[in-house]
Amino acid sequence: MRTRVELPSDAAETRRVHMAAFPGPEEADLVDALRRDAAAWLPDLSLVAVDERDVVIGHALLTRLAVGDGRALALAPVAVAPEWQRKGVGTLVVRAALDAADAAGERLVVVLGDPGYYGRFGFGPASRHKVSGPFEVAEGYFQTLPLAAYDGSPHGVCRYPAPFAAV
């Protein structure tokens, strides 16, 4: 398996992965809506994992979000086809997305998720970087990852792109 930037022709396969990985269509619909949001969509930061036949088996998406007066990235959603789960595909595609963001000079990534899972990538409590979410969650679940270009900013309250309101 390997990773690459998602191509427009991968959209249906990427949707299939999200539909299989989650109990409902919300995450697949979110990806489709984010593709239509010109302010949020960053095509080079939508990464897929593919098998030896170039079939999409995993997806990690980074989109633009506002943090205070600055900007950062949101990691969401991440999906792996059920038959490929627990085989390192999620780790591979998330690392590829974070590496692409770092190479692009991005400063900060935000994620809402399991600290045990995302901690392996270097994410930690968002409060360490003076970042907060627009909603209340259990301590440690709203997390940030500073990238190489991080200079202490942005900080403040996150404002997710409009498509996230539907999830």
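A strand, in the sense used here, is a DSSP run of E that is at least two residues long, and strands are numbered from the N terminus.

Let's start with the whole chain, which is a predicted model. Its secondary structure comes to four helices and nine strands. If you walk along from the N terminus, the elements run β-α-α-β-β-β-α-β-α-β-β-β-β. The chain has a radius of gyration of 15 Å, close to the 15 Å that the globule rule gives for 167 residues, so it is as compact as a globular protein of that length. Its C-alpha trace spans about 45 × 30 × 30 Å along the principal axes.

What about the inside? Of the 167 residues, 49% are buried, where buried means under 20% relative accessible area. The contacts tell you something about how the chain is put together: take those between residues at least 6 apart in sequence, and 67% of them join residues at least 24 apart.

Now zoom in on helix 3, which covers residues 89–103. The expected span uses one less than the number of residues. Several residues of this helix are buried, among them V89, V93, A96, A97 and A101. In general, an α-helix has 3.6 residues a turn, so residues three or four places apart point the same way. Just after helix 3 comes G105, with a positive phi of about 85 degrees.

Next, the empty space. Rolling a probe the size of a water molecule over the atoms shows where such space is left. The largest pocket holds about 830 Å³. Its lining has 30 residues, and F22, P77, V78, L112 and Y118 lie nearest its centre. Helix 2 (26–35), strand 4 (70–80), helix 3, strand 5 (108–112) and helix 4 (115–118) each give two or more residues to this lining. Which element gives the most to it? That's strand 4, with six residues. Sorted by class, the lining has 20 nonpolar, five polar and five charged residues.

The second largest pocket has about 210 Å³ of space. It is lined by 14 residues, with S132, G133, V137, E139 and F142 nearest its centre. By class, that lining has eight nonpolar, four polar and two charged residues.

Definitions and conventions: Residues numbered from 1 in each chain as written. Predicted model: local features only at pLDDT ≥ 70, side-chain atom pairs only at ≥ 80, totals over all residues. Heavy atoms only, no water. Expected span 1.5 Å × (residues − 1). Buried < 20%, exposed > 50% of the residue type's maximum accessible area, 1.4 Å probe, protein only. 1 Å grid on protein atoms, 1.4 Å probe; cavity = no way out; pocket = protein on both sides within 12 Å on 5 of 7 lines; lining within 4 Å. Points joined across faces, edges and corners; volume = space filled by probe spheres on them. Nonpolar A, V, L, I, M, F, W, Y, C, P; charged D, E, K, R; others polar. Rg over C-alpha atoms; globule rule 2.2 N^0.38 Å. Contact = heavy atoms within 4.5 Å.
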